[in-house]
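Reader: I have a model open on my screen and would like to learn how to read it. Could you walk me through a few features?

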Amino acid sequence: MSTIYELVREAVRNGTPLATITVLAGGPVGAKMALKPDGQTIGDLGEASLTAQAVQATLPLLAAGETQTVTLSPEVTIFVESFVPPPTLYMVGGVHISIALAALAKVVGFRTVVIDAREAFATGERFAHVDELILAWPDEALAGRLDARSSVAVLTHDPKLDDPALRVALRSPVRYIGALGSPKTHARRLERLAAEGFTPADLARIHGPIGLPIGAKTPEEIALSILAEVVQVARRGSAATGQRGGSTNDPA
């Protein structure tokens, strides 16, 4: 048992995902094991079939960072506790909205990353408060980093930066994708991506115009509407969008 607790401490310290599984009823009550995202197990629940069932039920919960009681059968109940690092909000574009959005996102527990290929925008002076500032093209910076708990907010208004970021995000399991711009701007964006082969289901994942429709006008208000939408999607567990936003200053 002490080995499991040591694994939990190490996972929390290193920021690596880990789940523990405990039998509550219907099996060897109190039996505990640990599970990594790749399916590797540490320990078992005493029965091979029970362990296999528990692993299958736990992997999606670990991916989502959820902790809950799970009923495997009328007789068997387990408790799954997920230990995961904070979810990450990636902001594409070192713009004024990103300055405010990063500050708000950190308050509610997000790890914040700002990406911009433009040296004048991606400066330490502007973004001293973010967890990571990346001076690179968005598609290069995002490749291999996005998971099911990531959120991506595309904020540059420049298709040369926005579209590459959206391509990477749409090909990933990221739970939230949002893009700044008016309905007309967003319609043109969808046309470009559709011409590249993205399906209507793919494109429906993009929240555009980005943010909840609260009538936001200032960068700070727009940031608030974006973060509210990110949290809403996370809580509802849905990546779909009604294509209805209220946080754009782009009249085009």
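This is a predicted model: local features need pLDDT of at least 70, side-chain atom pairs count only at pLDDT 80 or more; totals for chains, interfaces and linings use all residues.

Reader: How many bridges join S1 to S2, and how many pair S1 with S5?

Author: Strand S1 (residues 18-25) has four bridges to strand S2 (residues 32-35) and seven to strand S5 (residues 77-83). On the S2 side, Thr20 faces Ala34 and Thr22 faces Lys32. On the S5 side, Ala25 stands opposite Thr77. S1 and S2 also make a hairpin with six residues between them, and Gly26 in the turn has a positive phi of about 85°.

Reader: Is S1 mostly covered or mostly open?

Author: Mostly covered: six of its eight residues are buried.

Reader: Why does Ser151 count as buried?

Author: The cut-off is under 20% relative accessible area. Ser151 is buried because its relative accessibility is 0%. Ser151 belongs to strand S9 (residues 151-154), and its contacts beyond four places in sequence include Phe110, Tyr176 and Val230.

Reader: Which residues form the nonpolar patch on the surface?

Author: Leu104, Ile214 and Leu224 do, with about 250 Å² of accessible area together. Ile214 sits in the loop between strand S11 (206-207) and helix H8 (219-236).

Key
Residues are numbered from 1 along each chain as its sequence is written. Side-chain values use heavy atoms; hydrogens and water are left out. Helices (H or I, at least four residues) and strands (E, at least two) are DSSP runs, numbered from the N terminus. Buried means under 20% relative accessible area, exposed over 50%, partly exposed in between (1.4 Å probe, protein chains only). Contact means heavy atoms within 4.5 Å. Patches are made of residues with over 30% relative accessible area and no salt bridge: like charges are joined within 9 Å, nonpolar side chains (Val, Leu, Ile, Met, Phe, Trp, Tyr) within 5 Å. Accessible areas come from the Shrake-Rupley method with a 1.4 Å probe; for residues, only the protein chains shown count as cover. A salt bridge is a side-chain nitrogen of Lys or Arg within 4 Å of a carboxyl oxygen of Asp or Glu. Two strands pair if DSSP finds at least two bridges between them.
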